[in-house]
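Q: How should I read a helix pair, a ligand site and a loop residue? Show me the model.

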Amino acid sequence: MNQPLSNKVALVTGGSRGIGAAICQKLASHGAHVVVNYASSPDAAKKLVEQIVTDGGQAIAIKADMSDPAQVISLFNEAEKSLGKVSILVNNAGTAVPGSLAEITDEDFDKQINLNVRGVFVASREAARRMESGGRIINIGSSLGEAVPMPGLSIYCATKFTIAGLTRGWARDLGPQKITVNCVEPGPIDTESNPADGPQANYQKAVTALGRYGKPEEVASLVAYVASPEASNITGATLRVDGGWGA
Ligand SMILES: NC(=O)c1ccc[n+]([C@@H]2O[C@H](COP(=O)([O-])OP(=O)(O)OC[C@H]3O[C@@H](n4cnc5c(N)ncnc54)[C@H](OP(=O)(O)O)[C@@H]3O)[C@@H](O)[C@H]2O)c1
């Protein structure tokens, strides 16, 4: 069967769990050969790779801390050596460390900036240097990259605002190479980092139009579309999959 992503190599950062894992599975089911990046969950990454292979897809797991530029470059080298040139980069790895302005520490500031912004920058620059025409860079932002509806999330929100802005600039930079750059902004999604039965869940459900959390697979479906040849005229866009959070 002719699949939309056959012969494409997709690198998904933070692919071992949550939204990233669903993206890996979806892209593999559309024919991509997937690099599942992880930092500290080798067992989850290994299990996911086994599942993808059982389902008839192709995947490998590669460890790299995306907040360390040297490891990001090694990740690209290893991915290229194992599967060939990366044609789809999904910048998914991200972290949130809540804290109000007076309390936030330098370490918590650096942790979020280094992973959510610098990691995305270094990976995207690597992609820009290596990707061929038709490539895709898909940044996972957040509905918290559009508004700050509660206290204690200023740094996380700032990283996601930044990602949406960088997406636009990089779309301009890479347009001549026929590489698209887009930002997918999930609303509340049921993962270990934001469980649908967690302490903030009722508030988050209430501010969506649909009154519910999204599923990782619903984010993955949009990512798969943006990665496909059908989305070749979409670039510099911010696409929400947020249940109407931003309506
Ligand atoms: N869940 C939500 O409601 C929601 C909403 C909007 C946006 N988002 C965004 O969606 C993305 C994924 O969120 P999630 O909820 O799926 O998170 P999650 O369940 O906490 O999973 C995070 C993933 O990132 C990886 N990771 C963490 N630190 C890493 C590092 N330094 N280097 C490489 N990988 C690293 C983890 O792998 P290891 O376990 O191996 O470290 C894991 O695979 C994030 O960018 C987040 O900001 C989430």
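Predicted model: local features only at pLDDT ≥ 70, side-chain atom pairs only at ≥ 80, totals over all residues.

Q: At what angle do the axes of helix α3 and helix α4 cross?

A: Start with two axes, then read their distance and angle. Here α3 spans residues 69-83 and α4 spans residues 106-130. Their axes come within 9 Å and cross at roughly 40°.

Q: Is the crossing of α3 and α4 left-handed or right-handed?

A: The α3 and α4 crossing is right-handed.

Q: Which residues in α3 meet α4?

A: List the contacts from each side. From α3 come Pro69, Val72, Ile73, Phe76, Asn77 and Glu80. From α4 come Arg118, Val122, Ala123, Glu126, Ala127 and Arg130. Sorted by class, this contact holds seven nonpolar residues, four charged and one polar.

Q: How many residues surround the ligand?

A: Begin with the shell, then go to atom pairs. The shell has 29 residues, and the closest are Ser40, Ser41, Asn92, Tyr156 and Thr191. Ser40 places a backbone N or O atom 2.7 Å from a ligand oxygen. Ser41 uses a side-chain N or O atom, 2.4 Å from an oxygen of the ligand. Asp65 has a polar side-chain atom 2.8 Å from a ligand nitrogen. Alone, the ligand exposes 900 Å², of which the protein buries 91%.

Q: Where is glycine 14?

A: Gly14 sits in the loop between β1 (9-12) and α1 (18-29). Leaving aside residues up to four places away in sequence, Gly14 touches Gly20, Asn37, Asn92 and Ala93. Asn92 is also among the residues closest to the ligand.

Q: How far apart are glycine 14 and tryptophan 170 in space?

A: Compare sequence separation with distance. Gly14 and Trp170 are 156 residues apart in sequence and 21 Å apart in space, C-alpha to C-alpha.

Definitions and conventions:
Residues numbered from 1 in each chain as written. Heavy atoms only, no water. Axes fitted to C-alpha atoms, helices over the stretch in contact; angles between N-to-C directions. Helix = DSSP H or I, 4+ residues; strand = E, 2+ residues; numbered from the N terminus. Left-handed = near helix turned anticlockwise from the far one by under 90°. Contact = heavy atoms within 4.5 Å. Nonpolar A, V, L, I, M, F, W, Y, C, P; charged D, E, K, R; others polar. Near = heavy atom within 4 Å. Polar contact = N/O pair within 3.5 Å; in protein donor to acceptor, adjacent residues only side chain to side chain. Areas by Shrake-Rupley, 256 points an atom, 1.4 Å probe, with all protein chains shown as cover.
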